[in-house]
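This briefing starts with the chain as a whole and then turns to two individual positions and their surroundings.

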Amino acid sequence: MSALMLTSKQVGRICHGSSCGFSSLRGLLAKCKHGPASSPQNDNIADSALVGHETSISASNLSLSKDNDCNEFPDTSKVLILIKTGASEAYSKLPVHLLTTLKCLSHNFLLFSDMAENIAGYTVHDSLETVLSTVKGTNGDFDIYHRQNDCPIAHEQCNEDHDVGFEGWNLDKYKNVHIAEQAYKMRPDYDWYFFIDADTYVSFPTLMEWLPTVDPNKLHYIGHEKYSGSFPFAHGGSGYLMSKATMRHMFFSKTGVGNKYDEATQDGCCGDIMWSEIVLNETGLTPENMWPVINEFKPRTFNYYEDQWCQPLITLHHVNGEEINDLYAFERGQNFAKRITIKDMYYRFVATHLVESRSDWDNGGEDVYYLDREARTYEESELDKAKTDELSDMELVAHKNSSSCKDVCYSQEDCFQWRYRDGICGLAYNKMRLGNAVKKDDDEAKRSFSGWHLDRINKWISEQAVPGVIVSLVRVSWTERLNMDHSSSNPAPCLSPRIATQPVCGRDFWQHFMSPWNAHPMQHFVLDLFPGSRAAVAPAIP
């Protein structure tokens, strides 16, 4: 009998049990040696002389090859991971990847930057090497590229007194198509090509549980769909997947594909938007949306609310080295045995940090604002959120201080959190967010205070759907499922309100979905979980 799982946007919100314990990454990095099996291709290990010898990192002899951490790591051999970074940040962002998930990927990853380098014995490829020389030579976007490549000392020193963030952003937009073209030339035989940034974390257990349900021999371009005006693109920081059929369509037996777009890119905004334009031109594809499974946020910046609470997670974005370390250790503590969900992130990284009130903190409470329009000049976005009509006595004074802001939140039954800052009281309803620390303002009236209604939040959590076990595209008989619903080791799944009018769990779940075939208890069915927003049930051949 197979287990059943419904993925993310296809069917909706399904939970599994609470997450397992957390073990620290420190102490898990065992001393071991590089071996031929850990680096079968030379485009990751730059110095073949290192193979078979221990390498020294700081004071510890640590291996960047597979160790015992990876024994239970899922099979990713059909997926090529392409990590994009910049020379100005490579040494601060790549090492933590090499010490965590990348060591479990063996040889199926490539590192790309805007400068060819060797970091910890691994090759970092120059993604811009093949850009037209006329573009590189005459375009100010490439000033940082030339400065770094011509620098005879550490390029960080050559970048002093320059706005590296701005320059790096302008240069980044040229990389995506050239990374794809170079990667396909070097590694043309993978089923999937997964493009991520150096501040992206990938949950490979979640990815590899879902990805086998999608056919790589068909044209696919999958990611977190966003819009530039009316133009859809897959958000680069969240990561996007290209099937081998799509990569073959774009690059097989072709040269100079990226060069066709080098000049046009000068007037473009961003690499992910340019890539979507190129994919559309070359294949006719627009992104298949897998948000929130492919996600642009991380534990402290998620808004935790009903529609997302039980969604699986493949990627998290804007994660720093410490956060990557903690996420890896969390999954390692579960022996990479199951997917992670958004609610797992709450329980592990957020729940214990929510308190009644926190000073010099911004939790992002901004569904509605209370402010005094006559007190000062406000941003238009602040005025747009300001409530002005039918204010209660408590609402009329909510902007005066943090205590009044807290009181107005507690007076509204669906308010989960509040934030007071510089004369603005902001409330958030039916969702919670940890947020981030802010600098203490010398002016007490401008300081930022945040708080959470803990009793209300905990009550909401207790009312969420019963945890369930879910997997992708599976055949299972009606009778087997009814029996499984009563198994303590296999909690029953639930449908979210996206599909049903209210959460539908256990036996009711199957009756809701499969009642048309109720008269045939041994008939088999397939839940068609194709990437996108639709869900379908159809008879399958037993």
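The protein chain exposes about 23600 Å², of which carbon and sulfur atoms supply 48%. The model is a predicted one, and the points below should be read with that in mind.

**The chain as a whole**
- The protein chain contains 19 helices and 26 strands.
- Of the 542 residues in the protein chain, buried residues make up 55%.
- Among the contacts in the protein chain with a separation of 6 or more, 73% are accounted for by residues 24 or more positions apart.

- Glu395 lies in helix H15, which spans residues 393-396.
- With a relative accessible area of 8%, Glu395 is buried, because that value falls under the 20% cut-off for the term.
- The side chain of Glu395 is joined to the side chain of Lys387 by a polar contact of 2.8 Å.
- When neighbours within four places in sequence are left aside, Glu395 is in contact with Tyr370, Lys387, Glu390, Val408 and Gln412.

- Ile119 belongs to strand E3, made up of residues 117-119.
- The relative accessibility of Ile119 is 4%, so this residue counts as buried, the limit being under 20%.
- Not counting residues up to four places away in sequence, Ile119 touches Ala90, Tyr91, Leu94, Leu98 and Val124.
- For Ile119 and Leu98, which are 21 residues apart along the chain, the separation between the C-alpha atoms is 9.7 Å.

Note on methods. Residues numbered from 1 in each chain as written. Predicted model: local features only at pLDDT ≥ 70, side-chain atom pairs only at ≥ 80, totals over all residues. Heavy atoms only, no water. Helix = DSSP H or I, 4+ residues; strand = E, 2+ residues; numbered from the N terminus. Buried < 20%, exposed > 50% of the residue type's maximum accessible area, 1.4 Å probe, protein only. Polar contact = N/O pair within 3.5 Å; in protein donor to acceptor, adjacent residues only side chain to side chain. Contact = heavy atoms within 4.5 Å. Areas by Shrake-Rupley, 256 points an atom, 1.4 Å probe, with all protein chains shown as cover.
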